[in-house]
Every structure is written in C-alpha cells, then in structure tokens.
Amino acid sequence: MSNLPTFETLYERASQTESPIGVAAAGGADETVLTALHQAAAWGWVKPYVCGLKNEIRSLCEQLKLDASQFEIVDSDSPAQSAVELIHQGHVSLMMKGQIATPDLMKAILNRETGLRTGRAIGQIVLMEIPRDEKVFLMTDTGISIRPTVDQKKDLMIQLIETAQKLGCSVPNIALMAATEKINEAMPETLEMPELIRAAKQDFGDQCHVSGPLSFDLAYHAVAGSRKGIEDPVIGKADGMLFSDLLSANLTVKAIMYTAECQFGGILCGTSAPVVFMSRADDVSTRLNSLAYALELVRNSLTASAT
C-alpha cells in the first residue's frame, strides 16, 4: 500500500473544495482542455479561464456542445503570457498547458520580468498510480531538464520530497535512479549520489529516506531486493524517483504510460504557481488527474501559509 493518495482520493478531496480555484489554460482551443475544464467546473473544482483566440474557442465549444458561459475566455494570440498575467493579477492560482508547444509555454514561464521564475530548478513531476500493485509514486524530471547539474538535481530532489509531503506522505522514501545499485565510475551519475543523500539528510533529517543508486526493479519491487540480498528502507517502497537525465526519465514514464494499466498526472515544480503540465496528446482523464493533483498542492500551500 502506498503512502501517497490515489487519484480516487484526490478526486474526493477536490470535490470538497469550499470554493472553486481559478485555473488558466494556455492554449484553450482544444477538445480535451475544454472538456476537462468544463467537467471540473461542474464538479466545483475550478473557475476556468481559457486563453487563446476567442472565435476558435467559442466555435469548438459549439462543436462539443459545451456551455461557453462556464469559461472566462481571454482573447489572446499569446495565450501563455496571458495565463501568466492572470496568475500575477491574482485571478487564478494555477496554470494548465493546453494546445501550445512546450517552448512557447516555457518562454512565458521563464521570462525574467513577467514569468513564474523562483530561482529554483524547474522540472516535471509525474504522479503515477498502478492499481494492480497498489502503487502510487512520483517521478522527476520527466519533461524539462535534459542533463541537470548536481545542484539542479539537489533542488529537484528537494522539491520531490516537498511534493510528497504536501500530498500527505510525511516521511517519503526517495530512490536515486540508475541502471545499477552500485557506484560505478563508468556511470558518472552514480558518483553524485552520496552528495545527494548528504544534502537530503542535511535539509530534512529523519523526515525522509533517500537511497541510491537503485535500479527500477529495486525501487519498485521488494522481491527484487530480497533476491539480490539487498536491505534498504526504500527498496520496494519508493514514494519518489529522481532520474539522472531526461532520457532515462522520459523513456521510463512513457513506457509505463503506454504499456501498464495505470493512471497519471503531471505538474511543473520550481514555478511560483503550479502548472498542470502533460503532453498535448493526453486525454480528458489525464487532464482531470493532473488538475486534482495540482489542486491538492494548492490547497496544502494555502493551508500552510495560513498557519
């Protein structure tokens, strides 16, 4: 049983929201974006702002038989910039990547004067659920950093731990992912892992367990550890997986997405507000999953700031 909530639980929590939370979609002329936001608004999760060309958005709403009055449509030929402005103006608490290319989205987010920079490493954290094995775990960075530096990995690891804690996992188990469980000079990423473990210990003390290098089988399946004769508190119990580069992270997450019976959602970390961030090819259920995931982070951040 996982220490992290299932998507069913996240949906239940989102439905208990006292008042809808504002969300801005960058690139709203998309069937899955409009359908997901329309449904989320009907459930009382969100107040949706949709940024893009107004005529295209209204035309698509008509085709989909969606009530366009449920959306605040922001007519814009720079939808990502418009969505970021809505965050700065306080109208919304989070942003959603819609039908827009990632470079265009990131250009608006990374703008030094008007973007969502915080000085922290920006990465994608995917929440993955595999019901068959009763597993729920986080994976990063699956979408942004091609070859993160050691300092960027430290920051991504810290944000991975913080995200797990915001989702209710008080002492997360974090696996530093590699192709082996032994430090190997031929695999430079493994040489950095003792430093990452020390950094986690320094920042979190006993409030997390970080181990590595660990191969996927060890991080995921306790039997693999017993067969290899390896004992470690993270083996078979990883709440979060930190990958060394985009190649390994992206191949792993997409292999799971397309071959396993699973549910998943994704957000960007390192921004001043959560950004629902998945592929333009994703379906409505994945967008709703990502929204429920992001809304939980927003609520917990609001609760923390109020105490």
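Contact here means heavy atoms within 4.5 Å. With that in hand, let's walk through this predicted model, beginning with a helix that uses the term.

Helix α4 (residues 79-88) lies across β1, β2, β3 and β4, and runs at about 145° to β2. Helix α2 (residues 31-42) lies across β1 (21-26), β2 and β4 (94-97), at about 160° to β2.

Now for the sheet under those helices. It's an open sheet of eleven strands with mixed pairing, in the order β3-β2-β1-β4-β11-β10-β5-β6-β9-β7-β8. The edges are β3 and β8 (209-214), each of which pairs on one side only.

| Strands | Sense | Bridges | Residues standing opposite |
|---|---|---|---|
| β2 (residues 46-52) and β3 (residues 72-75) | parallel | four bridges | Val50 and Ile73 |
| β6 (residues 135-140) and β9 (residues 240-242) | parallel | three bridges | Thr140 and Leu242 |

The β2 and β3 pair has a helix to go with it: β2, helix α3 (residues 54-64) and β3 make a right-handed β-α-β unit.

Which of its residues are buried? Thr32, Val33, Leu34, Ala36, Leu37, Ala40 and Ala41 are. An α-helix has 3.6 residues a turn, so residues three or four places apart point the same way. In α2, the buried set includes Val33, Leu37 and Ala41. Just after the helix, Gly44 takes a positive phi of about 85°.

Leu37 leads on to the packing. In soluble globular proteins, nonpolar side chains tend to be buried together. The largest nonpolar core in this model has 59 residues, and Leu37 and Leu291 touch the most other members. Helix α12 (residues 284-306) gives this core its largest share, eight residues.

What does Leu37 touch, leaving aside residues up to four places away in sequence? Its partners are Val23, Ala25, Val46, Pro48, Val50, Phe71, Met96 and Leu291.

Technical notes. Residues numbered from 1 in each chain as written. Predicted model: local features only at pLDDT ≥ 70, side-chain atom pairs only at ≥ 80, totals over all residues. Heavy atoms only, no water. Pairing = 2+ DSSP bridges. Helix = DSSP H or I, 4+ residues; strand = E, 2+ residues; numbered from the N terminus. Right-handed = clockwise from strand over helix to strand, strands pointing away. Axes fitted to C-alpha atoms, helices over the stretch in contact; angles between N-to-C directions. Buried < 20%, exposed > 50% of the residue type's maximum accessible area, 1.4 Å probe, protein only. Core = buried A, V, L, I, M, F, W, Y, C linked by side-chain atoms within 4.5 Å.
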